[in-house]
Amino acid sequence: MDFPLLDLLLILLAAFVGGRLAVRLGYPSVLGELGAGIILGPPLLGLLSGGEAIAVLAEVGVLLMMLYIGMEIDPRELGKASTGGILAALGGFIVPFALGFWVITASGGTPMAAVFVGMAMGVTSLATKSRILVDLRILDTRIAHVMMAGALVADTLSLLVFAGITSVVAVGSLNLASVAWIAVKVVIFFVAAWFVGVRGLPLAWRWAQRRGLDRAAAVPLMLLVALAFAEGAHLAGLHGILGTFVAGLALREAIGEKRLSHDLTGLVRDVSLGFLAPVFFVTAGFEVTFAVFTDAPGLLLAVIVLATLGKIVGTVVAYLPTGYGWREGVVLGAGMNGRGAVEIIIAGIGLQAGIIDRTTFSILVFMAIVTTATVPLFLTWGVRWLQSRDELVRSSGRDGAVIVGAGPLARALATRLTGHGPVTLVDRSPEQVEAARAEGFEAILGDALDADVLIEAGIEDVSTLVAATPNPEVNVLVAQRARERWLVPDLYAALPREQDGGLFAGLE
């Protein structure tokens, strides 16, 4: 069998162009990739086509993407999620899930198809929100922190429920014996995964490192672990994406060397999101049918409307016990209304397994596109609404600064900032750290590109980060991560300027 190189080339080109265009418009690249598949593929123009070999690459892309997501998630962040974030996540998941189940069963669909649709309606996406939060300059507000925590909890909850759904699908029935057997296998898998991930894998990884494990050898070892976990999930009746997701969580903790962990995570991200996963999303667009607009327009409209209203109403009702008001809950629900990659993956798996048909799959795809497109509009309107009523609450508790660098310039800046709250300096040089400590400053020895070092410096609680190393690329990178991951509102990076030999620039 000849490999369809031309088809792969055209699919990747379409994914690149569509993804870049979506990002330029302020949306996640997955929407552009999906749109490219719909427009250029069989649903419309028919210029692109897939095949068995392309489908294999797409499947591998999804597995690696879930590995990357697992490696990016810090389980400790779930424990730190605010009460508001947890309530918003639960309400914003349960209500649209229930509405999705109801609308499909009421229209004659099977209970299992209804569960898949409900799952897709309950999912939320983080990518669009993080971008719009920056654009609206509300990173330091309460709704921003609740929204980010809620998205993390909701996505984790979705994967857990998805594990149960795929188990039931594998067995094919819901009698007491089959449910008991499902529960046994799922428990065995997660217990075994926990034991291997927490106990066995760190020991094995340290053993390999003592014997000269380098990056070249670590990559295949990491992939072997991911595939082993995926096969374990498959044997337990779960989908392989659950296995690679759990493998990512385990590998994050097992890789003791933070620099190596960062490099490997970046490698998986580049290969999955930059190469293989786009193949999946473009080819997923091939399965969409425009006949849904004539064959089931009422169901399409109902799913989109109920997904939106369910997310907003569910979030509002669940958020009321916090005492922060229903208007803030409305804005949170509107901001969490977007769906993204996880929803498309769930829908695609349902289509492949024969649980949903092409019409239902198309409904879910168009629902994801429409709801994600509304997020910037709804959130912009909601923020202005809260501002007009003087109800946009800036987060309390953020104070002080982290300065990356401990050289003379950084120490001079620390002197100026000390009166505005606690200041901590971070530097890789023992000499510079000792000099800062000698001047009475709190200073930490470590690499600012290491997340654990910044957490130790208190990055989660400060209002300002100043990157003052001699390397401008490092300064920008650290500042960007501080904004994307910890929502630090005020960022400054030392950048070279010919006219004055160097200037601190605020990052927008």
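The residues lining the largest cavity divide into four nonpolar, two polar and one charged. The structure is a predicted model, and one cavity of 30 Å³ or more is found in the structure. The volume of the largest cavity is about 40 Å³. Its lining is made up of Glu-59, Val-62, His-239, Phe-280, Ile-345, Ile-349 and Gln-352. Two elements, helix H3 (52–72) and helix H16 (341–352), each give two or more residues to this lining. Helix H16 supplies three residues, the largest share of the lining.

Ala-88 counts as buried because its relative accessibility is 0%, the cut-off for a buried residue being under 20% relative accessible area. When residues up to four places away in sequence are not counted, Ala-88 touches Val-146, Thr-315 and Met-336. Ala-88 and Met-147 are 59 residues apart in sequence, whereas the separation in space, C-alpha to C-alpha, is 7.9 Å.

Helix H18 (residues 408–417) has Ala-410, Arg-411 and Ala-414 as its buried residues. These residues lie on the same side of H18, because they cover an arc of only 100 degrees around the axis. The exposed residues Pro-408, Thr-415 and Arg-416 are carried on the face of H18 that is turned away from its buried side. The buried residues of H18 are covered by elements including strand E1 (401–404), strand E2 (423–427) and helix H19 (430–438).

Six salt bridges are present in the structure. In one of them, the side chains of Glu-391 and Arg-327 meet at 3.0 Å, N to O. This pair links distant parts of the chain, 64 residues apart: Glu-391 belongs to the loop between helix H17 (358–388) and E1, and Arg-327 to helix H15 (residues 326–335). The two partners fall into separate accessibility classes. Arg-327 is classed as buried because its relative accessible area is 18%, and the cut-off for this class is under 20%. Glu-391, with a relative accessible area of 25%, is partly exposed.

Glu-391 also forms a salt bridge with Arg-389, in which the closest N and O atoms are 3.4 Å apart. Arg-389 is partly exposed, its relative accessible area being 42%.

Within helix H19, Arg-437 and Glu-434 lie three residues apart, about one turn of the helix. A salt bridge joins Arg-437 to Glu-434, with 3.4 Å between the closest N and O atoms. Arg-437 is partly exposed at a relative accessible area of 41%, and Glu-434 is likewise partly exposed at 48%. Elsewhere, salt bridges that share partners join Arg-327, Arg-389 and Glu-391 into one network.

Note on methods: Residues are numbered from 1 along each chain as its sequence is written. This is a predicted model: local features need pLDDT of at least 70, side-chain atom pairs count only at pLDDT 80 or more; totals for chains, interfaces and linings use all residues. Side-chain values use heavy atoms; hydrogens and water are left out. Buried means under 20% relative accessible area, exposed over 50%, partly exposed in between (1.4 Å probe, protein chains only). Contact means heavy atoms within 4.5 Å. Helices (H or I, at least four residues) and strands (E, at least two) are DSSP runs, numbered from the N terminus. The arc is that of the directions from the helix axis to the C-beta atoms. A salt bridge is a side-chain nitrogen of Lys or Arg within 4 Å of a carboxyl oxygen of Asp or Glu. On a 1 Å grid over the protein atoms alone, a cavity is a set of points where a 1.4 Å probe fits but cannot get out, and a pocket is an open set with protein on both sides within 12 Å along at least five of seven lines; lining residues have an atom within 4 Å of a point. Grid points are joined across faces, edges and corners, and a volume is the space filled by probe spheres set on the points. Ala, Val, Leu, Ile, Met, Phe, Trp, Tyr, Cys and Pro count as nonpolar, Asp, Glu, Lys and Arg as charged, and the others, Gly among them, as polar.
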